[in-house]
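I set out to record what I looked up in this structure, entry by entry.

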Amino acid sequence: MAAYAALVSLVTIIEQIKNHPRLSISFDKKQIESLGEKVGFLLQFIENNTHGVLESRIAYAAYAAEDVIESHVVDQIKPGIRTKVAKIIHSMRLKKKWVSMLDLRDVIQDMDSIKKMALELKDEIGSNDDMQPTSTTSSSTTLVTTGKNTMVGFDEQLLQLLDKLTGQRSNRQVIPIVGMGGIGKTTLAQNAYEHSLIVHHFDIRTWVTISQKYNVKELLLQLLSEKNSQIDEQLLGQKLHKMLWGRRYLIVIDDIWSIEAWEEVSRFFPENNNGSRIVVTTRISNVAIHFDSTCIELNFLDEDKSWKLFCQKAFDQVGCPSELKDIGKEIINKCKGLPLSICVIGALLGRSNRTQKYWKNIAKDLTSILNSGEDENCLSILSLSYTYLPAHLKPCFLYMGIFPEDRKIFVSRLIKLWVAEGFIKSNQSQSWEEIARGYLSDLIDRNLVLNHRLGSNGRIKICKIHDLLRDLCLKVAHKEEFICVMEDTQRGIESGRRIVCNENFLTANYHESRALHTLQLAPLTRTLVTSIDGRLPKNRLLRVMSFNKGARKKYLCRHIIDQVNMRYLAYNKLTRSFPADKLSSSIDVLWNLQTIIITAETRGLFPHIVFNFLIF
C-alpha cells in the first residue's frame, strides 16, 4: 500500500536527518519533532486500519513532506539546485490542487488535519482485533525452503510424464503439458525434472522459461546456464548444439506462448536418436497441438483433491479443526479447483485467526468480489490474499511488479531495493537486511512469491513470482499509483514516484529519445527502472536507479554527482572500461548511499568484478 510505504520511508528520512551532523542543524528541530510525532501516529493508524480510509490523503501528505525535506537536502549539499527543484514541486502541487508545500509548516498543518480526521474515524469504526490481518514474520535471518512445490491430484499425470521421458523410443520427442494459468503445469514439470529417476536417466538437464515477451539471446544463455556473453545469437546457438550433441538431454521449455518462440530455439536441438526429450508447458492449446504429440492435459481439481491441497497448505500435518470444516469447504469451492488459488487462500487462512467469525468474513468478502463481475475469477480470488496481507508486506509484494514476467530475481538485490525504497520499518534488534529477509520469508510462506533456487549457504538465492500474481501486483500498483509502467498512453506519469521503462517497451513502441522526453515530465520520480542507454531525465530527487544496461563512461559520473539523494545505483549488464578512479572521487556527494552495483570488465585473473558498496 502506498500510504504505509510513504510513511515508513518518511520516518526513516526524519531519523537520518536527526542523526546527520550537517543536515540536522539545517532544519528547525521543533518542526522535525512535530512532523515525526504526527507521522508516527498515522503509521500506527495505517497498520491497524484495514478499511482503506484516508490512505490516498495520507500518501500524498507523506510524499509532500519527502519532497520538501529532500529538496532542502539538495540545496544544502549542492547549492543552486533548490530554486529549480522548488519551482517544480510548487507547480506539481498546484496541479493537484494542493497549496504550496515549500514550507514545512504547511506540511505539518496538513498532517495535523489528517490526524484529527483519523482520530474521529478511529472512534467511529472502533477496534476490531478479530479482523486484523495476522503476521507471523520470522525474526530469523535464514529463509527456509519447503522443497518441491506441493502437488496434489496429478499423480497419474506425473507417472504418465515419467513414462514418456524414460520410454524406449530413441527418437527425440516433444511432450506438451497444457492447461490454464495456475493449474500446475510448472509444478508437474518441476516434480518430474527433479525426480531421482530422471536425474540419473539423462546426461544433461536444462530449463528455460520463455513467456509472452522474450529475447532469443537470453533464452540461449538460460539453456547454456550462462549469465553474459558478447557473442551473437547464432554463435550461442552453435555452442548449445555442440553441448547437446551426442548426449541424452532433457530440456524443459516453460510457459511458451507462440510457435515462433519454439522455432527460434529448437533449431539448435540436435536429433541424437538416443532418447532425448523436450517438455513444453503452455496455456495455449493451438501451441500444444503444433508438436503433433499426445498432450498431457491438466484439468481442475475435484472437491476432494481441492480440500486435500487446501489442508496441506493451511494446516500441514495437523488437519482442519472440525468447527472450521464447513466454512472452509465453502471458501475452497469458490476457487473452482484451480491449484494456485487454493494454495494462496490456504496460506492466507493458515496464517490467520482460526475462528469461525474471521473465516466467515473472508468467505463474505470473497463472495462480494466474485459477484462484482469486475475481474476474472482467479484474479478476484488472488486479490483477497493482497487485501488480507499485513500492511508492512503490501508494498514489498506490489514491488515485485517492477520485474519482467518470469524473471529470476536475486534475493540479495531484491532486499537491497526494498531497503533503498524505504519499505523496511526498523527495530532495535535487527538490521534492515534481516527484517527484509523475514518479510520475504513471509511472502514465500503465503505462496505469493516462489522459492526458485537455494544458495550454498542454504538460504534462498533466487525467487520468482507467478505471472498471475505479477498481474495482480501491476493492477493494484497502478490503481494505488504505486508503480507507473510506461505503456502506449502515458497519462499520469508526471506524478509517478516509481517508473518502469523496460526493454520490450522500448523495442515495440518507443524510440529512446521519445521515452526520455516522456520521463522529463516526471520530475518528482524517486525510482527509475529502465533499459535506456545511460541518459537520464534532469531529476535531482532520484533515490533508486536500476539500468538494464552496462555503465557508460560518458554518463556514469554525472549519474553519481547529480543524484544527491541516491541510495541504490545498479548497472545490470557488463560494463567495459570502468572508470573506477572517477567513481571514487565523486561518491562522497551521495549523503545517503547504500548500494552501487557495477559488473565491470577488468584485466587480470578475474575478468568480471561486481563493485558492490554497502552502507547499511
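I find α9 and α10 roughly parallel to each other, a label that covers angles under 35 degrees, with over 145 counted as roughly antiparallel, 65 to 115 as roughly perpendicular and the rest as oblique. The model is predicted, and local features need pLDDT of at least 70, side-chain atom pairs pLDDT 80 or more, while totals for chains, interfaces and linings use all residues. Residues are numbered from 1 along each chain as its sequence is written, and side-chain values use heavy atoms, with hydrogens and water left out.

**Helix pair.** I read an angle of about 25° between α9 (residues 216-224) and α10 (residues 233-244), whose axes lie 10 Å apart. Axes are lines fitted to C-alpha atoms, for helices over the stretch in contact, and angles run from 0 to 180 degrees between N-to-C directions. Helices (H or I, at least four residues) and strands (E, at least two) are DSSP runs, numbered from the N terminus. I listed the contacts (heavy atoms within 4.5 Å): Val 216, Lys 217, Leu 220, Leu 221, Leu 223 and Leu 224 of α9 meet Glu 233, Leu 236, Gly 237, Lys 239, Leu 240 and Met 243 of α10.

**Burial.** I used buried for under 20% relative accessible area, exposed for over 50% and partly exposed for values in between (1.4 Å probe, protein chains only). Helix α19 (residues 411-421) has nine of its 11 residues buried, so it is largely enclosed by the rest of the structure. Among these buried residues I noted Lys 416, Trp 418 and Glu 421. Gly 422 follows α19 and has a positive phi, near 85°.

I then looked up Glu 66, which sits in helix α3 (residues 55-77). Glu 66 is buried at a relative accessible area of 2%. Leaving aside residues up to four places away in sequence, Glu 66 touches several residues, including Arg 497, Arg 526 and Arg 543.

**Strands.** Strand β11 (residues 527-530) pairs with β12 in the parallel sense over four bridges; pairing requires at least two DSSP bridges. Thr 527 has Val 544 as its bridge partner in β12. In β12 (residues 544-547), Val 544 and Ser 546 on one side and Met 545 and Phe 547 on the other are all buried.

**Positive phi.** Most residues other than glycine have a negative phi. I noted Asp 255, with a positive phi of about 65°, in the loop between β3 and α11. Asp 255 is buried at 7% relative accessibility. Asp 292 has phi near 50° and lies in the loop between α12 and β5. I recorded Asp 292 as exposed, at 73%.
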